[in-house]
Amino acid sequence: MSNSPGADGRAADSPDTEHLLREALETLAGEVHPAPDAYRAAHGEWQRRERRRRLILASLIVAVFTLAVVLGLLVLNHAPTAPGPVVHQPPSP
Amino acid sequence: MARLFDLHYPSMLRLATLLGADDPENIVAEAYYEIYRKYRKLRTPDAAAAYLRSVVCNLTRMRIRHLQVARRHVEDRIDTVASAETSALLRDDQRALIRALRALPARQREALVLRHWLCLKEKEIAATMGISVGSVKTHTARGLAALTHAMEVRR
């Protein structure tokens with residue numbers, strides 16, 4: 001990999017640059033230190049977001065269900081109440 | 001989950017920083033939230049590490065792109081890499097190299113950081129970045145050539 005020529009054919013200087021890059025990245029990475037209570041803070045945030053997500057999902061389900069029930073009731077309410085011509089039973093003797 | 005956090009959080013935080021994220025803590029927290037939601041679907045701890053790496057790379061790329069768009073619309077420039085470039089521990093040549101690294105396209109920067117800091121194999125880099133091995137080779141070679149050129153110009 002290190003011997004592969006660059007886009008403009010500079011293969012000779014690549015190992016030097018690679019070495020310098022590794023050093024620089026390691027130095028920079030060495031300066032990054034995680035906060036001691038990072039897990040506690042992150043875990044609290046995950047739980048809060050998960051609760052919020054579930055609450056929104058449940059609200060959506062309830063809203064869709066309620067809408068379907070209301071629409072169904074409205075349709076039934078507007079149906080004609082008079083006996084239809086198809087079902088007609090003669091009075092029993 | 002706590003074990004996974006302790007195991008990989010520092011390295012993911014460093015990865016996000018090296019990739020040029022201005023808020024690495026938020027990016028890594030977001031990546032862990034993704035894994036927190038899909039924890040039961042994970043096969044092995046190794047899969048978790050690879051997945052985390054991939055999410056951190058994607059989120060960092062999205063964040064940088066967002067900042068670049070924001071810069072075009074806002075006059076005040078947002079300094080994303082000030083902490084990295086003003087690091088007291090870096091030598092002048094290292095600082096110049098990091099500045100050149102930041103100026104590379106996101107894909108090239110990712111390939112170089114994954115290759116030279118995490119020491120991943122090309123196949124692993126390809127899986128992390130969601131591209132082919134051939135593309136990884138191209139990005140790495142072009143990135144390295146650009147860095148070499150930048151250092152030559154500096155001399």
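This is a predicted model: local features need pLDDT of at least 70, side-chain atom pairs count only at pLDDT 80 or more; totals for chains, interfaces and linings use all residues.
Local features need pLDDT of at least 70 and side-chain atom pairs count only at pLDDT 80 or more, while totals for chains, interfaces and linings use all residues; side-chain values use heavy atoms, with hydrogens and water left out.

**Exercise 1. Describe the interface of chain B and chain A.**

Step 1: start with the area. The two chains bury about 3600 Å² between them, 69% of it on carbon and sulfur atoms. Buried area here is the accessible area (1.4 Å probe) that two parts lose on being put together, summed over both.

Step 2: count the residues. Chain B brings 44 residues to the contact and chain A brings 33, where contact means heavy atoms within 4.5 Å.

Step 3: look at polar links. There are 8 residue pairs in polar contact between the chains, both residues at pLDDT 80 or more. A polar contact is a pair of N or O atoms within 3.5 Å; within protein, one must be able to donate a hydrogen and the other to accept it, and residues adjacent in sequence count only if both atoms are side-chain atoms.

Step 4: find which elements of chain B take part. α1 (2-18), α2 (24-37), α5 (92-103), α6 and α8 (133-154) of chain B each supply at least two residues of the side that touches chain A. Of these, α8(B) gives the most, with 11 residues. Helices are DSSP runs (H or I, at least four residues), numbered from the N terminus.

**Exercise 2. Find the salt bridge that crosses the interface of chain B and chain A.**

Step 1: apply the rule, a side-chain nitrogen of Lys or Arg within 4 Å of a carboxyl oxygen of Asp or Glu. Across this interface it finds 1 salt bridge.

Step 2: name the partners. R49(A) and E30(B) meet through their side chains, at 2.9 Å from N to O.

**Exercise 3. Work out the surroundings of E50(A).**

Step 1: E50(A) lies in helix α2 (residues 38-77) of chain A.

Step 2: check its accessibility. E50(A) counts as buried because its relative accessible area is 11%; buried means under 20%, exposed over 50% and partly exposed in between (1.4 Å probe, protein chains only).

Step 3: list its contacts. Leaving aside neighbours within four places in sequence, E50(A) touches Y33(B), Y36(B) and R37(B). Its side chain makes a polar contact with that of Y33(B) at 3.3 Å.

Step 4: look along the helix. In an α-helix with 3.6 residues a turn, residues three or four places apart point the same way. R54(A) counts as exposed because its relative accessibility is 55%.

**Exercise 4. Trace the salt bridge of D23(B) with R63(B).**

Step 1: take the distance. The closest N and O atoms of D23(B) and R63(B) are 3.5 Å apart.

Step 2: locate both ends. The pair links distant parts of the chain, 40 residues apart: D23(B) sits in the loop between α1 and α2 of chain B, and R63(B) in helix α3 (residues 45-73) of chain B.

Step 3: classify the partners. D23(B) is buried because its relative accessible area is 19%, whereas R63(B), at 25%, is partly exposed.

Terms used
Residues are numbered from 1 along each chain as its sequence is written. Chains are lettered from A and ligands numbered from 1 in the order in which they are written.
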